[in-house]
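Please look through the structure shown below before reading on.

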Amino acid sequence: MNSTVVMSINTSPDDMDRHNVRQVEAQHAASLLYNGGPPNNNHNYTDSMERTNSMQNSMVSNDPDFDQGRISTVRRTFCLFLVFDFGLVVLIWLIFAIGNKKGGFPELERQVKKYTIKDSLFDVVLVSAARVTFMLLAYALFRLRHWWMIAFCTLGSCVFLIYKVVVYDFAGSTHPMDYIVLLSSFILAWIETWFLDFKVLPQERKLEQRAQARLQRSQGANERTPLLGDQPRRGSITDVGSFYSPLSTPEFSDEEEAVGRSSRRGRSSSSNQATPSPTMDREYKRLGKEAFDACWQLLNTDDWSIEKENKENGDVVFARKDPKFGKIFKGQGIMDISAEALRSDVFDKVEEAISWNATQEECKILRVIDCQTKITYDKSTEALGGAVASRDFVNVRHIQKKGKYHISAGKTTTHPAAPPRKDTIRGENKPGCYAMMTLDNEPNKCLFIWIVNVDLKGWIPQYLIDQAMAGKILDFLSSLRKHVEDIRQV
């Protein structure tokens with residue numbers, strides 16, 4: 001077992017705090033020895049301790065209900081589907097009974113009181129009720145995390161339904177609804193099995209692993225972890241998918257000195273990669289600027305209609321039909337932080353986004369081309385309780401300040417460091433952006449805007465994609481607002 005996990009189980013909170021203090025002090029001293037001077041102000045002792053405490057109190061697995069010991073979102077969806085299963089079978093049976101022979105209540109009475117296995121389908125309803133009851137007890141009340149109960153229920157239902165088909169008198173029926181009753185019960189039983197085995201249990205395992213990993217990060221490294229973390233030694237080769245080279249303020253900004261430092265860091269990190277092609281770099285820059293120009297037009301377009309809103313905090317998701325790009329979403333909300341401060345955190349600390357962004361599972365900087373252009377890899381979390389699987393994206397991003405806006409615009413591209421994965425569907429991002437707009441009368445607040453224009457690929461119906469996208473945007477805005485509160489407390 002991992003020593004960090006053992007330590008977190010066997011150690012009291014006070015001991016863990018003392019361990020964190022000693023670890024941060026050791027990293028502080030190591031940074032002094034390694035850099036020949038005091039550490040950067042953004043990574044000093046106080047900030048490190050405050051960020052550690054903040055991480056301990058923040059959401060750790062992107063499912064607040066699961067984190068607080070309640071039933072997870074994906075399991076709740078499964079339980080709702082069980083109730084839907086029973087309701088659908090009852091509805092189809094009622095339609096069959098009322099429309100058969102005499103019809104109305106006399107036929108219902110005959111189906112129930114004068115039940116025979118050869119000419120009544122009331123037993124199919126009872127089997128569905130028993131299956132749903134057993135599974136709700138197992139997976140909702142007792143929160144069983146094994147497939148044996150649903151395997152038993154599905155096997156029992158299928159055996160009975162096969163026997164029912166053999167002995168049932170189809171010749172005595174006046175319409176084909178009896179076929180639909182039997183088929184729907186059979187199909188729904190197998191859909192439930194598929195949903196639990198391929199969605200609920202794997203998703204909850206992912207949530208547990210993510211919670212465990214982030215809890216380890218929040219508690220600090222153990223005694224075997226290098227004091228300088230993941231910093232590469234001078235002259236070493238850095239893996240193309242793991243380095244972090246943040247961008248500072250782009251052109252058209254007053255912070256010229258910060259831009260210089262960021263550019264030097266970007267060139268230093270890039271020098272550790274394979275020699276880039278000047279032609280490809282020019283193409284990446286062109287694609288990034290193309291995405292920026294398209295997003296600038298969208299930011300200045302008023303033809304949006306409200307898709308969904310959160311009345312508690314005022315966040316709104318808009319949508320519009322574009323003849324060139326299809327349906328585009330725009331989420332926006334007021335954040336209690338200046339546009340410059342939020343830009344610095346969201347644009348520069350890309351790889352730290354998974355610690356607070358509930359819609360993102362993975363994020364890497366693949367290449368920094370210049371202070372305005374970079375290539376990133378992103379993997380989204382699942383949506384609709386696991387019904388929409390996670391997607392990954394490779395994007396070229398162009399960062400620029402224009403007017404009152406700080407904008408990071410991007411679109412899909414390709415990069416050899418992130419080939420398509422066999423276990424993940426590669427989505428396509430059309431031009432989209434993050435934008436922070438400075439408010440005239442409130443300099444310590446800003447309007448945050450997220451324009452989303454994505455093709456998730458796969459077989460999912462478009463209306464499900466639209467429903468999931470609006471919800472994901474609101475989730476992102478809520479996560480960002482939480483993150484802003486953490487930033488202000490530091």
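A residue is called buried when its relative accessible area is under 20%, exposed when that area is over 50%, and partly exposed in between, using a 1.4 Å probe and counting protein chains only. What is shown is a predicted model, in which local features need pLDDT of at least 70 and side-chain atom pairs count only at pLDDT 80 or more, while totals for chains, interfaces and linings use all residues. Residues are numbered from 1 along each chain as its sequence is written, and side-chain values use heavy atoms, with hydrogens and water left out.

**The whole chain**
- The protein chain contains 13 helices and twelve strands, where helices (H or I, at least four residues) and strands (E, at least two) are DSSP runs numbered from the N terminus.
- Of its 490 residues, 48% count as buried.
- If a contact means heavy atoms within 4.5 Å, then among contacts between residues at least 6 apart in sequence, 68% join residues at least 24 apart.

**Asn395 and its surroundings**
- Asn395 lies in strand β6, which covers residues 391-402, and Asn395 counts as buried because its relative accessibility is 3%.
- Its side chain makes a polar contact of 3.1 Å with the side chain of Asp378 and another, of 3.2 Å, with the side chain of Asn429.
- A polar contact here is a pair of N or O atoms within 3.5 Å; within protein, one must be able to donate a hydrogen and the other to accept it, and residues adjacent in sequence count only if both atoms are side-chain atoms.
- Leaving aside residues up to four places away in sequence, Asn395 also touches others, including Lys374, Ile375 and Thr412.

**Helix α7 and the annotated spans**
- Helix α7 (residues 122-141) has 20 residues and reaches 27 Å from its first C-alpha to its last, close to the 28 Å expected at 1.5 Å a residue, the expected span being 1.5 Å times one less than the number of residues.
- Among the buried residues of α7 are Asp123, Arg131 and Tyr139, and just after this helix Arg143 takes a positive phi of about 55 degrees.
- An unreviewed UniProt entry gives the annotation "transmembrane region" to residues 78-100, 120-142, 147-167 and 179-196, although such annotations may be inferred rather than shown by experiment.
- In the model, residues 120-142 are 87% helix and 0% strand, and residues 147-167 are 95% helix and 0% strand.

**Confidence**
- The mean pLDDT, the predictor's confidence in each residue from 0 to 100, is 75 for the protein chain, and 70% of its residues reach 70 or more.
- Over residues 37-60 the pLDDT stays under 50, and over residues 221-274 it is below 50.
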